[in-house]
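I opened a new page for this one. The plan is to go from the whole fold down to single residues and jot down what I look up.

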Amino acid sequence: MAKTVLITGATSGIGKAAALQLAKQGYQVIIHGRNAKKTEAARQEIITASGHEHVSATTADLYSLSDVRRMCAEIQAQVSGLDILINNAGGLMGKEREITQEGFEKTFAVNVLAPFLITQLLMGLLIKSDDARIINVASNSHQLNAKPAFDDVQLKKQYNPLRSYGNAKLFLIWNTQHLAALLEKDGITNVRAYTMHPGAVATSFGVGSDLGPVLNFVSKLARFFFRSPEAGADTIVYLATEKNVPGKSGDYFVDRKPAKKSTRYFTPQREQLIWNYCLGQIDTIGSHRQSFL
Ligand SMILES: NC(=O)c1ccc[n+]([C@@H]2O[C@H](COP(=O)([O-])OP(=O)(O)OC[C@H]3O[C@@H](n4cnc5c(N)ncnc54)[C@H](OP(=O)(O)O)[C@@H]3O)[C@@H](O)[C@H]2O)c1
């Protein structure tokens, strides 16, 4: 039977390119978007380009943990198992700190909390697979821009868009390696979790983010040298489909190879602190509690 894959943020850019490549390989693809019309248009485009009918769509605004819960409940009702979860949706915000309706800083909400909650809620489906993969799309910005403040995780005091984005991808990487360790501790060997950096990719990423005149200009120029969404999606598709992925669960990949993560701010205590912090935050918007993790 064909494997089922859910990919978030598949209405454009890297996510859409990955969804198309997986549809071409015969996977049952569930694409996620936040806007029903745009998501349906992407679904039709992927079906036409792949010649593969088994592409369905789901929608949720990942700024809203309530909406994430609704989407995951619908997916749980629709499919009996999930083989691959690709937490791809993410983004860079603007120079003014913005919060979601639920009170979370937006960069943190979409890049950290949403994938954290989706993974928790869909773990029951993933565990049913013989060989499940969770692929979290991170960024080398965790090396370039992160400067976490452990008493101010959502940067209420010293917000800066690149710092917030770098921190978010660093926390995503820590949460992924923490999850991998928990799965191993629980003897769950059929679910592996990875992070990856797609390279600098010419997508809608950062296009609407007002970083200020200088950075806006530099990022516009730099886009001429970026790789295509297809090339950006390559390592995602590789991690989803390759039988013998080198390295171990929890690793970070660049161009199909395990790569070094930043160790600058890492301690096991800080990793645990961020994990606990995320657990605490998602519990403020409905209880996440499941029978594992
Ligand atoms: N492009 C790069 O150079 C680069 C480099 C490193 C890492 N990344 C990472 O790669 C991933 C994909 O980005 P991309 O470059 O393909 O950018 P993109 O073209 O802007 O795609 C982002 C996707 O995420 C969705 N999304 C964003 N915020 C959302 C929200 N609140 N709720 C639901 N969906 C939301 C977008 O939906 P809409 O279509 O509705 O906006 C879109 O489908 C991100 O995690 C990004 O951080 C990108």
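My entries follow, in the order I made them.

**Entry 1: the whole chain**

I note at the outset that this is a predicted model. I counted secondary structure and got nine helices and eight strands. I then looked at the overall extent: the C-alpha trace spans about 50 × 45 × 35 Å along its principal axes. How does the radius of gyration compare with that of a compact globule? For 293 residues the rule gives a value near 19 Å, and the protein has 18 Å, so the two agree.

Next I checked burial, and 55% of the 293 residues count as buried. The accessible surface comes to about 13200 Å², with 52% of that belonging to carbon and sulfur atoms. I also looked at contacts with a sequence separation of 6 or more: 76% of them join residues 24 or more positions apart.

**Entry 2: helix H9**

I went to H9, residues 268-284, and checked its length. Its 17 residues should span 24 Å at 1.5 Å a residue, and I find 25 Å between the end C-alpha atoms, which agrees. Which residues of H9 are buried? My list reads Glu271, Ile274, Trp275, Cys278, Leu279, Gln281 and Ile282. Looking down the axis of H9, I see these buried residues within an arc of 165°, so they line one face of the helix. A reminder to myself: an α-helix has 3.6 residues a turn, so residues three or four places apart point the same way.

On the face turned away from the buried side of H9, I find the exposed residues Gln269 and Thr284. What covers the buried residues of H9? The cover includes three helices, H3 (65-78), H4 (106-126) and H6 (161-185).

**Entry 3: aromatic pairs**

I searched the whole structure for aromatic pairs and got eight. I took Phe116 and Trp275 to begin with: their ring centres are 4.9 Å apart and their planes are at 70°, so this pair is edge-to-face. Phe116 sits in H4 and Trp275 in H9, so the pair ties together parts 159 residues apart in sequence. Are these two buried or exposed? Phe116 is buried at 6% relative accessible area, and Trp275 is buried too, at 5%.

Then I looked at Phe150 and Trp174. Their ring centres are 6.1 Å apart with planes at 5°, so I have them down as stacked. Phe150 is in the loop between H5 (141-144) and H6, while Trp174 is in H6 itself, so here the parts tied together are 24 residues apart in sequence. The burial of the partners needs two notes: Phe150 is partly exposed at 23%, whereas Trp174 is buried at 1%. Both also turn up in one aromatic cluster, formed by Phe108, Phe150, Phe171, Trp174, Phe266 and Tyr277.

**Entry 4: helix H1**

The buried residues I listed in H1 are Gly13, Ile14, Gly15, Ala17, Ala18, Ala19, Leu22 and Ala23.

What covers them? I find strands S1 (4-7), S2 (28-33), S3 (55-59) and S4 (84-87) among the elements over H1, along with helices H2 (36-50) and H8 (229-241). After H1 comes Gly26, with a positive phi near 90°.

Most residues other than glycine have a negative phi, and I went looking for exceptions. Leu155 is one, with phi near 45°. I placed Leu155 in the loop between H5 and H6, and it is buried at 1% relative accessible area.

Asp255 is another, with phi near 50°. Where does Asp255 lie? I find it in the loop between strand S7 (252-254) and strand S8 (257-259). At 39% relative accessibility, Asp255 counts as partly exposed.

Conventions
Residues numbered from 1 in each chain as written. Predicted model: local features only at pLDDT ≥ 70, side-chain atom pairs only at ≥ 80, totals over all residues. Heavy atoms only, no water. Helix = DSSP H or I, 4+ residues; strand = E, 2+ residues; numbered from the N terminus. Expected span 1.5 Å × (residues − 1). Buried < 20%, exposed > 50% of the residue type's maximum accessible area, 1.4 Å probe, protein only. Arc of directions from axis to C-beta. Contact = heavy atoms within 4.5 Å. Rg over C-alpha atoms; globule rule 2.2 N^0.38 Å. Areas by Shrake-Rupley, 256 points an atom, 1.4 Å probe, with all protein chains shown as cover. Phe/Tyr/Trp six-rings, centres within 6.5 Å; stacked < 30°, edge-to-face > 60°.
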